[in-house]
Structure formats: C-alpha cells, structure tokens
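Please look at the sequence and the model below before reading on. The paragraphs that follow start with the whole chain and then turn to its parts.

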Amino acid sequence: MSDNELTHPGGKLRLFVGDPLRAGACVVPDEQQTHYLLHVMRAKPGDRVNLFNGADGEWVARVTGTSKRSCSLECERQLRQQSGEPDLWLCFAPIKKTPADYVVQKATELGAAVLQPVFTRRTIVTRVNLDRMRANAIEAAEQSERLTVPDCREPLSFDKLLVGWPRDRRLFFCDEGGEALPFPDAVRNPPPLVEGGEVIVSASPAREVSPEPAAIFTGPEGGFDEHEREALRALPFVTPVTLGPRILRADTAALAALTIWQSIKGDWR
Ligand code: SAM
C-alpha cells in the first residue's frame with residue numbers, strides 16, 4: 001500500500017469538492033477529477049490528496065479504492081480550519097477570452113471573494129462562459145491554497161448592477177479621467193459615504209481590523225462612456241479613484257487595484 005502524498009509541479013495536489021468533509025467521510029471525486037487522479041497522477045490506494053470544499057477547512061484524504069473509471073477517497077485528518085477571504089468584490093467589464101481567463105485566475109489568487117462581470121456600453125464581449133470562469137476560479141483556488149473559491153456571478157448590465165447595489169458596500173470606481181483620489185489614499189482613509197445628508201458608511205480608521213465591505217469596478221478596453229462615468233459619480237456609495245498617471249489595460253487595472261486594496265486593508269498583513 002503506497003503512502004505518498006500526491007503532488008504535481010505546482011505543489012501539493014488539492015481538489016475542491018462539493019461533499020461535506022469530516023473524519024471518515026467518503027468522497028467520490030467528479031469525472032474530471034477522477035480522470036486526473038487515475039490517469040495523470042496514477043493514484044493508487046493509500047495515496048493521499050488534500051481536499052477542501054469552502055466550508056470545512058482542508059483535509060488529508062486517502063485513496064481507498066480505484067478501478068478503471070472510478071476512485072474513492074476517505075477523509076483522514078483536518079489540516080487547516082476553514083477561513084475566508086476579505087469581503088472584496090471585483091466588478092469588471094469582461095474582455096476578450098484570454099485576458100478574461102487571466103483576470104479570473106489572478107483575481108482568485110489575489111483573494112477576491114466575488115467576481116462580477118458587467119456589460120458596459122463599450123464592452124466588446126457579448127457573452128461570458130460562466131462554466132469556464134468557474135473552472136478557472138477553482139483551478140486557481142486549488143493552486144493558491146485558498147480555502148474558498150470566489151463566487152463567479154452571472155453577468156449583469158451596468159444599470160442592473162447599480163440598481164441592486166448593497167448600500168453599505170463601497171464601490172471604488174477606477175476612473176482614469178477626471179478628479180479622483182489616489183486609490184491607496186482612498187483605501188487607507190476612505191471618505192464617508194453620505195446619502196440624503198445621512199452617513200451610510202462612515203470614514204473608517206486606517207487600520208481597523210475587519211475592513212468595510214468593498215468592491216472595485218474597472219471598465220472595458222474602451223473605458224466607461226461619459227454617461228456611465230456621470231452616473232457612477234452621482235451615486236452615494238461610489239468613490240472614484242485613480243490608479244496613477246498611465247492608462248492601464250483593463251486586466252492590469254483590475255489586478256493592480258486588487259493588489260493595492262489587499263496590501264492595505266486585506267489579509268496580506
Ligand atoms: N479610457 C481608456 C483610454 O483612454 O484608453 C481605456 C480604458 S482602460 C484600457 C480600462 C479600464 O481600466 C478603465 O475603464 C479604468 O476602469 C481602468 N483604468 C486604466 N487606467 C487607469 C488609471 N490610470 N486610473 C484609474 N483607472 C484606470
């Protein structure tokens with residue numbers, strides 16, 4: 001009976017599963033995971049793989065049985081308690097295929113909790129492959145040793161996104177044109193959000209423990225149009241921010257903004 005921990009070039013083999021994880025729990029991986037275990041990793045009974053499901057932490061599981069097309073695993077011991085990512089959403093205008101995969105993968109590694117594609121007026125892409133988005137997010141979560149997978153949401157139109165926006169969540173609008181706070185300053189000392197004279201989100205102290213719920217919004221290759229920029233700037237929960245004097249590509253902007261937020265208010269400290 002082998003007793004080895006399955007690894008691959010990226011490190012420990014970790015699989016995201018849908019089953020509950022606890023000592024003795026039996027887990028049957030999905031078809032794709034089974035194929036990978038049996039035919040790529042050549043898993044044998046006694047081999048070990050790490051499992052997580054976004055709720056029960058990370059567990060070491062032992063391969064208990066294999067056949068041509070199936071394998072079963074049994075949870076042995078918990079490696080890590082469950083922990084989540086900071087409450088940070090990324091709203092982004094989807095861009096052409098490769099960079100979009102890239103944005104999903106990197107945003108997952110950078111700890112975004114929600115990935116929300118938004119169709120703006122200048123968005124060239126007309127549809128988003130949500131299955132592909134979710135598969136990219138799961139793979140990046142497995143590789144980056146996250147214990148959660150970001151919530152990849154159905155795309156929304158610009159107007160739909162804003163109509164249903166949760167008032168207590170600040171939306172950092174990455175705006176390369178016009179007056180805007182330098183993003184690091186806005187994250188460090190976010191101005192109070194006021195609606196109808198009433199403070200809906202107070203200015204939070206620079207080093208509070210759990211940061212306010214936040215979101216970052218970046219536009220498409222062609223940028224937000226004037227109507228969208230005006231609409232965003234008129235909303236009480238929006239804080240326009242600049243990412244510096246250069247025009248960043250849409251994917252660069254999204255990842256730069258996530259990095260700045262994480263390094264100041266997120267879980268990098
Ligand atoms: N309007 C830009 C132009 O004139 O080329 C194109 C948009 S830029 C490629 C894509 C998105 O990245 C923008 O809509 C904005 O959200 C964000 N972005 C790029 N550079 C930025 C900057 N310096 N400050 C804030 N946001 C920026």
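Of the 269 residues of the chain, 46% count as buried, where buried means under 20% relative accessible area, exposed over 50% and partly exposed in between, computed with a 1.4 Å probe on protein chains only. This is a predicted model: local features need pLDDT of at least 70 and side-chain atom pairs count only at pLDDT 80 or more, while totals for chains, interfaces and linings use all residues. Residues are numbered from 1 along each chain as its sequence is written, and side-chain values use heavy atoms, with hydrogens and water left out.

Along the principal axes, the C-alpha atoms of the chain fill a box of roughly 65 × 40 × 30 Å. The secondary structure comes to seven helices and 17 strands; helices (H or I, at least four residues) and strands (E, at least two) are DSSP runs, numbered from the N terminus. Among the contacts in the chain with a separation of 6 or more, 74% are accounted for by residues 24 or more positions apart, a contact being heavy atoms within 4.5 Å.

One part to look at is an open sheet. Five strands make it up, in the order β3-β5-β6-β7-β4, with mixed pairing. Strands β3 and β4 (26-27) stand at the edges and have a single partner strand each, so one side of each is left without a neighbour in the sheet. Two strands are said to pair if DSSP finds at least two bridges between them. Strands of a sheet pair through backbone hydrogen bonds, either parallel or antiparallel.

Both senses occur around β5. Strand β3 (residues 14-16) and β5 run parallel and are joined by three bridges, and R14 has N50 of β5 as its bridge partner. With strand β6 (residues 58-66), β5 pairs in the antiparallel sense over five bridges; here the bridge partner of L51 is W59 in β6. The two strands β5 and β6 form a hairpin with five residues between them, and G54 in the turn has a positive phi of about 85 degrees. Further along the sheet, β6 pairs with strand β7 (residues 71-80) in the antiparallel sense over eight bridges, with A61 opposite C75 in β7.

How many residues of strand β5 (residues 48-52) are buried? Five of its five residues are, and the strand is mostly covered. In a regular strand the side chains alternate between the two faces of the sheet. In β5, R48, N50 and F52 point one way, V49 and L51 point the other way, and all are buried. Helix α3 lies across β3 and β5, running at about 145 degrees to β3; axes are lines fitted to C-alpha atoms, for helices over the stretch in contact, and angles run from 0 to 180 degrees between N-to-C directions.

Helix α3 (residues 130-143) also packs with helix α2 (residues 97-109), at an angle of about 40 degrees and with the axes 8 Å apart. That makes α2 oblique to α3, because angles under 35 degrees count as roughly parallel, over 145 as roughly antiparallel, 65 to 115 as roughly perpendicular and the rest as oblique. On the α2 side, K97, D101, V104, Q105, T108 and E109 meet R132, M133, N136, A137, A140, A141 and Q143 in α3.

T108, found in helix α2, is buried, with a relative accessible area of 0%. Not counting residues up to four places away in sequence, T108 touches L115, A137, A140, A141, R146 and P150.

Another pair of strands is β8 (residues 88-92) and β9, which run parallel and are joined by four bridges. W89 stands opposite V114 in β9. Five of the six residues of strand β9 (residues 114-119) are buried, so β9 is largely enclosed by the rest of the structure.

Two loop residues remain. Most residues other than glycine have a negative phi, and most peptide bonds are trans. R42, in the loop between α1 (31-40) and β5, has a positive phi near 50 degrees and is not a glycine. R42 is exposed, with a relative accessible area of 57%. E145, in the loop between α3 and β10 (151-152), has a positive phi of about 65 degrees although it is not a glycine. At 36% relative accessibility, E145 counts as partly exposed.
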